[in-house]
Amino acid sequence: MKRSPLARLWLNAMAVVLFIGFAFPVYWMFSTALKPTSDIISEDPVWFPTSATFEHFRKAVDAKDFWTLVGNSLTVTVSAVALSLVIALLASFAIARMRFKGRRGFLVTFMVAQMAPWEVMVIAIYMLVRDGDMLNSLLPLTLFYMVMVLPFTVLTLRSYVAAVPKELEESAMVDGCTRTQAFLKVIFPLLAPGLMATSLFGFITAWNEFPLVLILNKEPGAQTLPLWLSSFQTNFGDDWGATMAAASLFAVPILLLFLFLQRKAVGGLTSGAVKG
């Protein structure tokens, strides 16, 4: 239905307001990281840096264990996303293509797992990791992050697999492909948008996770970047310049990944929500 000019104007105005509301905190973070300390502690807000400085970024990069924590975060995040994609790809194919007893209950279980807050299991997780003598280790973090993103990944990829016509797979098998070859050569390439969307969601979830690593990993060398963000303090309080610079550095990988996957990721999230 064609909208009136007034309705279009109203929708565009609302879109601009929403954009400003979401973009302003990001702008304030990056601009504060570039402001000299005098601008940051000024009683009147300084909307634009009077003179850009990279002093806060140097302080953040020179912080103790910075590069170790970068490596820890990348290791845990990439490993968790890769594991969840492999498991979810196989599970989603089985759910979408095969009919087995308990299939509906299996799907309901994944939906409940996606809705349930994992924070209610923090005590049980800590006791499990402690009894297994795996505190201050990256392995438990990787496994639990993988479990956190797995339900969403399975449900999204299942919609994509269900949207691929079975005839394509059957034609490949008639031409001599095994089921595995048909999956790898025919189905897998068509799942690229779904894989992009789910990998982006998994990366953001694992990259930003804070409470679990705070509880399980007390040693500085075994922690990740979210805990590092809370370490910039002086005798006079929080060092907001260094904190904002650290937050900006922390956000860069997510922004780069989103820009790289933007077109396919947005299409993947939309398609996964309506297909299947």
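What share of the 276 residues of the protein counts as buried? The answer is 37%, where buried means under 20% relative accessible area, exposed means over 50%, and partly exposed lies in between (1.4 Å probe, protein chains only).

The model is predicted: local features need pLDDT of at least 70, side-chain atom pairs count only at pLDDT 80 or more, and totals for chains, interfaces and linings use all residues. Residues are numbered from 1 along each chain as its sequence is written, and side-chain values use heavy atoms, with hydrogens and water left out.

**Figure 1. Overview of the protein.** The protein has 13 helices and 2 strands. Helices (H or I, at least four residues) and strands (E, at least two) are DSSP runs, numbered from the N terminus. Taken along the principal axes, the C-alpha atoms fill a box of roughly 70 × 65 × 35 Å. The protein exposes about 16500 Å², and carbon and sulfur atoms supply 69% of that area. Accessible areas come from the Shrake-Rupley method with a 1.4 Å probe; for residues, only the protein chains shown count as cover. Among contacts with a separation of 6 or more, 72% join residues 24 or more positions apart. Contact means heavy atoms within 4.5 Å.

**Figure 2. The largest nonpolar core.** This core has 51 residues. A nonpolar core is a set of buried Ala, Val, Leu, Ile, Met, Phe, Trp, Tyr and Cys residues joined through side-chain atoms within 4.5 Å. Tyr145, Leu191, Leu212, Leu225 and Trp228 have the most contacts inside the core. Helix α4 (residues 66–97) gives the largest share, 13 residues. Leaving aside neighbours within four places in sequence, Leu212 is in contact with Trp118, Ile125, Leu141, Phe144 and Tyr145.

**Figure 3. Close-up of Leu141.** Leu141 sits in helix α7 (residues 138–163). Its relative accessible area is 0%, so Leu141 is buried. Beyond its neighbours within four places in sequence, Leu141 is in contact with Val76, Leu212, Val213, Leu216, Asn217 and Thr224. Val76 is 65 residues away along the chain, yet the C-alpha atoms of Leu141 and Val76 are separated by 6.7 Å.

**Figure 4. Close-up of Thr77.** Thr77 belongs to helix α4. It counts as buried because its relative accessibility is 2%. The side chain of Thr77 reaches the backbone oxygen of Ser73 at 2.7 Å. Not counting residues up to four places away in sequence, Thr77 touches Phe203, Ala206 and Trp207.

Figure 5. With a relative accessible area of 12%, Arg97 is buried. Arg97 and Arg158 are 61 residues apart in sequence; C-alpha to C-alpha, they are 9.1 Å apart.

**Figure 6. The salt bridge of Asp239 and Lys59.** The structure holds 3 salt bridges. A salt bridge is a side-chain nitrogen of Lys or Arg within 4 Å of a carboxyl oxygen of Asp or Glu. Here the side chains of Asp239 and Lys59 meet at 2.9 Å, N to O. The pair links distant parts of the chain, 180 residues apart: Asp239 in the loop between β2 (237–238) and α13 (240–274), Lys59 in helix α3. Asp239 is buried, at 15% relative accessible area. Lys59 is partly exposed, at 37%.

Figure 7. The side chains of Arg179 and Glu169 meet in a salt bridge (3.2 Å, N to O). Arg179 lies in helix α9 (residues 179–190) and Glu169 in helix α8 (residues 166–174), so the pair ties together parts that are 10 residues apart in sequence. Arg179 is partly exposed, at 41% relative accessible area, whereas Glu169 is buried, at 4%. Arg130 forms a salt bridge with Asp131, the closest N and O atoms being 3.3 Å apart. Asp131 is exposed, at 58%, and Arg130 is partly exposed, at 40%.

**Figure 8. A nonpolar surface patch.** Val16, Phe19, Ile20, Phe24, Tyr27, Trp47 and Phe48 make a patch of about 770 Å². Patches are made of residues with over 30% relative accessible area and no salt bridge: like charges are joined within 9 Å, nonpolar side chains (Val, Leu, Ile, Met, Phe, Trp, Tyr) within 5 Å. Trp47 lies in the loop between α2 (37–40) and α3 (55–61). Its relative accessible area is 46%, so Trp47 is partly exposed.

Technical notes
A polar contact is a pair of N or O atoms within 3.5 Å; within protein, one must be able to donate a hydrogen and the other to accept it, and residues adjacent in sequence count only if both atoms are side-chain atoms.
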